[in-house]
Amino acid sequence: MTTPSRPAEAPPTAADYYAANRGGGLFSEAVSQRIGAQIAVRAHKHHLSPTVLTVFNLGLGCIISFAVIVAAGPVADGFPAAPVGLLALIGWQLAYAFDCSDGQLARVTGQASPAGGRLDVLCDVAVQSSLVAALAATAKAQEPDTPAWLLAAFAATWMVNLVTSVMQTGSQAASMVTSTSFPVRAVKLIRDYGFVVTVAGVLLTVAPQWTVWFVALFTLVNGGFLAASIAHTGREALRG
């Protein structure tokens with residue numbers, strides 16, 4: 001009598017991948033991480049490694065940003081903004097979904113590695129640097145009198161989100177505001193990357209002339225958060 005073959009282990013589902021997400025904020029968890037879970041399912045089905053998804057994030061994010069930079073002048077001169085803005089809105093969100101999916105795939109399938117984690121962070125820096133350049137180019141094209149110091153401050157403070165998110169991992173992770181209530185998380189949307197790039201994409205679609213105000217507001221918020229974080233961490237350090 002033949003022994004019945006053992007059924008193959010079922011592949012991870014989107015729910016499995018989503019359960020392994022690292023958060024990122026209210027919008028990112030509700031939208032970006034869920035899209036990332038669907039990407040992870042398909043990547044696993046086609047035997048793609050997390051590194052491939054990381055590179056997809058890098059390539060797509062930088063290409064979209066380059067397109068926005070190239071179109072900044074023509075849009076300011078009267079070229080329709082909607083096609084460029086929609087490209088940015090969809091492209092940046094999809095790139096971020098790939099960024100979410102690579103970590104989910106790595107953790108669920110046991111492919112996480114220190115090198116993969118470093119590559120992920122480096123690619124995030126590259127993509128977000130290109131995005132900052134795209135928004136700065138749009139602001140300058142729309143408002144030629146935009147001060148250089150504001151664009152420089154915008155570029156510098158944009159990285160506060162990325163740096164603090166990296167600092168939230170590991171044994172020394174800490175947060176100034178530990179509440180997970182909905183009102184607190186709603187307020188934190190202004191620092192949720194998925195939400196921020198959504199607002200940026202919508203702005204480029206319907207009102208690119210307001211980009212300079214987006215740049216100014218973002219610089220003010222993140223600059224304030226950086227100052228508060230330094231003060232908070234300084235007090236903790238003094239307490240030993």
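**The helix pair and the core**

Mentor: α4 passes α5 in a left-handed crossing (the near helix is turned anticlockwise from the far one by less than a right angle; clockwise would be right-handed). Keep in mind that this is a predicted model, where local features need pLDDT of at least 70, side-chain atom pairs count only at pLDDT 80 or more, and totals for chains, interfaces and linings use all residues. Residues are numbered from 1 along each chain as its sequence is written, and side-chain values use heavy atoms, with hydrogens and water left out.

Helices here are DSSP runs of H or I, at least four residues, numbered from the N terminus. The axes of α4 and α5 come within 11 Å and cross at roughly 165° (lines fitted to C-alpha atoms over the stretch in contact, with angles from 0 to 180 degrees between N-to-C directions). That makes α4 roughly antiparallel to α5, a label for angles over 145 degrees.

As for contacts (heavy atoms within 4.5 Å), α4 brings Trp 92, Asp 99 and Asp 102 up against Asp 120, Asp 124, Leu 131, Ala 134 and Leu 135 of α5. That set splits into four nonpolar, no polar and four charged residues (Asp, Glu, Lys and Arg count as charged; Ala, Val, Leu, Ile, Met, Phe, Trp, Tyr, Cys and Pro as nonpolar; the others, Gly among them, as polar).

Now the largest nonpolar core: it has 34 residues, and Trp 92, Leu 131 and Leu 135 are among those with the most contacts inside it. Such a core joins buried Ala, Val, Leu, Ile, Met, Phe, Trp, Tyr and Cys through side-chain atoms within 4.5 Å, buried being under 20% relative accessible area with a 1.4 Å probe, protein chains only. Its largest share, seven residues, comes from α5.

Definitions and conventions: Buried means under 20% relative accessible area, exposed over 50%, partly exposed in between (1.4 Å probe, protein chains only). Helices (H or I, at least four residues) and strands (E, at least two) are DSSP runs, numbered from the N terminus. Angles under 35 degrees count as roughly parallel, over 145 as roughly antiparallel, 65 to 115 as roughly perpendicular and the rest as oblique.
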